[in-house]
Amino acid sequence: MTVTALKAELKDIQPLRTLFLQETNFQIRYEACHERGWTDSYLLMIGDHRVGYGSIKGRKVKDRDTVFEFFVVTSFRKSSIELFRQLLIASGARYIECQSNDIALSSMLYEFSSSVSADVLLFEDHTVTGHVLPGAVVRPRLSNDPVFEHRVEPVGDYVVELNEEIVATGGFLLHYNRPFADLHMEVREDCRGRGTGSYLLQELKKECYLAGRVPAARCDLRNAASRATLIKAGLRVWGFMLSGRVRPARLRLPVA
């Protein structure tokens, strides 16, 4: 049977994405790209059967040069390599970016690309902690709260108040696949190294669960301080963001 990849609308791949999200059951870093219209969708076909899909985004928003989702239903996975080859040819994608805990796409990354590298750590919740920060209170941020200047993360919906001063803010972002949410926080520079960040994350995890979401997080691979804070707050490394450049030679069919 003929193996093809056909450009489609997002709605055309949604039934297959439902299966993908159910099977993977972890936070998808680039989930919001679909809703924001930053992706191209492709149906993967064997004959007349829709057996999977692929999604393409850009390394820059306006481009469509990177495969970041790939799914084939179980019964047709023996054809995954050829389906992925057709996806690359049809889309013209030059890069592959994936989460290492996405086994199917990780396999295609190593099959079709070179110079694989990682730049981001992905975290899942792992254990309950009982950190205490004497005198500190975690509460929702008020509109008139005097918040310190943030250099990296957005100002959060929750604050750590200590000695009547706000020394940290944080929250959780909801533009991810349900039930997951992404934790973020920033500690005032002069208050770092005292356990404030891990204490805030611990309390944010509670609020996240009470909101019906499962906490997850990520940080730059080189950011040892953030990694240590997340682990101290009861999260653990669950994967890496991997990327590689497509090798043109892999797009040619093997000689029989």
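**Pockets and a helix contact**

Mentor: The lining of the second largest pocket takes at least two residues from each of β6 (113–125) and β11, strands being DSSP runs of E of at least two residues and helices runs of H or I of at least four, numbered from the N terminus. This is a predicted model, in which local features need pLDDT of at least 70, side-chain atom pairs count only at pLDDT 80 or more, and totals for chains, interfaces and linings use all residues. Residues are numbered from 1 along each chain as its sequence is written, and side-chain values use heavy atoms, without hydrogens and water.

Trainee: Which residues are the closest to the centre of the second largest pocket?

Mentor: Of the 18 residues that line this pocket, Phe26, Gln27, Glu124, Phe180 and Trp238 are the closest to its centre.

Trainee: What makes up the lining of the second largest pocket by class?

Mentor: The lining has 11 nonpolar, 4 polar and 3 charged residues. Ala, Val, Leu, Ile, Met, Phe, Trp, Tyr, Cys and Pro count as nonpolar, Asp, Glu, Lys and Arg as charged, and the others, Gly among them, as polar.

Trainee: Why is α3 called roughly perpendicular to α4?

Mentor: The axes of helix α3 (residues 80–91) and helix α4 (residues 103–112) cross at roughly 70° and come within 11 Å. Angles of 65 to 115 degrees count as roughly perpendicular, so α3 is roughly perpendicular to α4.

Trainee: Which residues of α3 make the contact?

Mentor: Ser80, Ile81, Phe84, Arg85 and Leu88 of α3 make the contact with Leu105, Met108, Glu111 and Phe112 of α4, where contact means heavy atoms within 4.5 Å.

Technical notes:
Axes are lines fitted to C-alpha atoms, for helices over the stretch in contact, and angles run from 0 to 180 degrees between N-to-C directions. Angles under 35 degrees count as roughly parallel, over 145 as roughly antiparallel, 65 to 115 as roughly perpendicular and the rest as oblique. On a 1 Å grid over the protein atoms alone, a cavity is a set of points where a 1.4 Å probe fits but cannot get out, and a pocket is an open set with protein on both sides within 12 Å along at least five of seven lines; lining residues have an atom within 4 Å of a point.
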